[in-house]
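Let's take a walk through this one together, a few stops at a time. Keep the viewer open and follow along.

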Amino acid sequence: MKRLIFLISLLSIGTFSVHCQPETIEDQLDYYIGLTDGFGYNDNDSALWASLKAVEIAHQINTYDALGQAYRVAGIYYGDAGLYDQAIISTYKAINYFDSSTLEHRNAAIAGCYHNLAWYYTYMEDYSKTASLFHQSMNFKPVTNEIDSIDYTVSLHALGSFYYLYLEDYDSGIYYLSKAVDWRRKLDYDLETLAQTEVELCHAYYESGDIANGDIILETVESYPEGDVSKYIENYVLFLHGLKNHQLKKYENALDYFQPVYDWGVSANLLNSPTGINLMRQIVVTARAAEKFELALEILEKLRQVEQETIYKDRQRTTKALEIQFETARKEQELESQEAIIDLQRNVIVIGAIALLIILVLTLIVALTYKKVNQKNKKIETLMRELHHRVKNNLQVISSLLGLQSMQLTDSNAKAAVEESKGRVRAMSLIHQMLYRQDDITYVNIKTYIEELVREVISIFGYEERLHLTLDIAEEEWDIDTALPLGMIVNELVMNAMKHAFESVDRPSLHVSIKSDSGHIGLVVKDNGDMNVSIGDIENSTNFGQRLIRLLVEQMKGQMKVAYSEGLTYEIKMKKVA
């Protein structure tokens with residue numbers, strides 16, 4: 001939903017045409033800005049690259065209009081890549097250039113920049129600036145014609161959505177969304193666009209507990225002819241019926257409405273979007289209230305998977321964006337070096353003395369270039385360190401949310417499942433914490449990581465005082481793609497031992513060994529606990545933890561053996577990730 005709002009705000013700013021064969025330098029600027037629209041959200045890496053090329057060309061043109069347009073577009077695609085600091089810097093530069101430009105729609109362009117800044121600060125969770133920036137966007141130009149009115153209405157919609165979605169200030173959200181609906185009806189919008197604002201207004205009413213006014217809006221949307229609104233609106237209406245029933249404590253009815261919306265989300269591949277995540281969170285809350293704990297746990301596991309995938313996709317996308325920036329700079333430097341070599345060869349033919357002078361000059365240029373590259377590398381390292389810090393913080397937030405969820409659960413199985421999930425999140429968070437606090441942000445010390453992880457699990461289960469622990473792990477630096485799945489496997493095996501092995505053992509002991517050579521890893525986890533189930537039951541268990549172990553071993557192209565002799569032994573052989 002939040003991404004949809006941002007898309008609507010960007011659409012209001014306008015688009016640029018794409019020229020197949022740009023002839024003038026101005027045509028080249030239009031060409032690369034047009035490419036960003038062509039790539040858009042389907043290929044953000046390419047869109048960001050095209051926007052940076054537009055900035056480069058705009059500096060060659062060196063006019064306020066060109067620079068303002070290029071920096072505005074660069075800000076948009078920095079933002080979509082999650083690089084909000086760069087997005088904000090780029091957008092403020094665009095505002096400064098537009099302020100001095102003679103562009104016909106100069107005020108509209110500046111208003112659009114303030115609108116985008118409001119969302120960048122929102123995504124950075126700096127909510128103190130958002131409302132004032134939306135108001136700056138609306139107040140920057142008078143509403144004198146239909147185009148101005150459309151931009152004004154988009155800002156009203158965005159401001160209302162911000163209040164009720166991010167601040168849970170339903171009164172303010174309802175106020176601004178109501179104004180947006182009034183304007184859209186006045187401007188005779190198409191029903192799809194009008195309905196997009198009306199369903200959000202209904203959502204805000206229901207969240208605030210005002211069922212009566214929400215019903216009025218919902219009846220209006222349902223009266224629109226079939227085919228005049230999208231599948232998105234049709235499913236949003238079903239969601240609103242479910243939300244209403246939840247507010248009325250008719251939880252079974254609410255789940256009946258949520259189910260087709262969930263099915264549509266699966267078929268439309270929308271569960272990984274903010275809209276899908278919000279839907280799943282609501283289903284979990286409603287299912288828990290209806291005491292359908294199996295459904296709540298099922299959706300919670302899917303939600304946890306989606307949220308974790310989203311975190312790593314954000315990390316990969318941000319890393320890719322940094323690679324684009326670095327690669328662009330590297331290619332430019334290669335071109336400069338090639339041109340310098342050609343000049344050198346020509347001058348050597350003319351006179352040796354001039355050649356010597358050029359060599360000295362080039363030596364200085366190379367030194368300065370190396371210094372610049374080194375500075376850029378340090379900047380990328382700083383950004384990557386900050387990325388690990390943010391991922392760790394996000395995982396800690398997820399762990400805290402799971403803790404709050406666990407406190408509210410009464411079913412012991414559900415509560416145990418949530419606590420296990422906290423352990424899995426902790427195993428992922430620990431590796432990002434280590435990468436953030438060490439000098440090398442590419443590799444992690446596997447001995448330090450596994451020892452800290454094992455001791456933390458033992459401490460949580462209260463065995464740190466009486467458990468005899470032996471750890472046989474070499475001091476090696478491993479890539480995160482190898483260390484993380486191995487840590488997840490160790491986390492599951494140690495938790496299993498703590499939960500099931502030592503109930504009737506007076507002197508519990510645990511042995512963890514990790515050996516590696518020539519691209520292979522050998523992991524042994526052995527306890528001295530009692531055998532309560534058969535080896536076959538363990539190997540064929542459908543328990544989530546056992547399934548996760550098998551999936552991770554398969555991912556690492558490994559094999560696992562389970563044996564019992566005065567305790568249970570897991571022996572796993574895997575390949576290191578190349």
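A quick word on terms before the first stop: a residue is called buried under 20% relative accessible area, exposed over 50%, and partly exposed in between, using a 1.4 Å probe and protein chains only. What you have here is a predicted model, where local features need pLDDT of at least 70, side-chain atom pairs count only at pLDDT 80 or more, and totals for chains, interfaces and linings use all residues. Residues are numbered from 1 along each chain as its sequence is written, and side-chain values use heavy atoms, with hydrogens and water left out.

Start with Glu291, which sits at 60% relative accessibility and therefore counts as exposed. Glu291 lies in the loop between α14 and α15 (293–350); helices here are DSSP runs of H or I with at least four residues, strands are runs of E with at least two, and numbering goes from the N terminus.

You'll find Lys249 in the loop between α12 (231–247) and α13, and at 63% relative accessibility it counts as exposed.

Next, hop to Asn272, in the loop between α13 (251–267) and α14 (274–289). Asn272 is partly exposed because its relative accessibility is 27%. Asn272 and Gln305 are 33 residues apart in sequence, while their C-alpha atoms are 9.4 Å apart in space.

Now for a buried spot: Thr197 in helix α10 (residues 191–208), which counts as buried because its relative accessibility is 0%. Which side chains does Thr197 reach with polar contacts? One goes to His157 at 2.8 Å and another to Arg184 at 2.4 Å. A polar contact is a pair of N or O atoms within 3.5 Å; within protein, one must be able to donate a hydrogen and the other to accept it, and residues adjacent in sequence count only if both atoms are side-chain atoms. Skipping neighbours within four places in sequence, Thr197 is in contact (heavy atoms within 4.5 Å) with His157, Leu177, Ala180, Val181 and Arg184.

Last stop, helix α18 (residues 446–460): its 15 residues should span 21 Å, and the end C-alpha atoms are 21 Å apart, so the two agree. The expected span is 1.5 Å times one less than the number of residues. The buried residues of α18 include Ile446, Tyr449, Leu453 and Val457. After the helix comes Gly462, with a positive phi near 80°.
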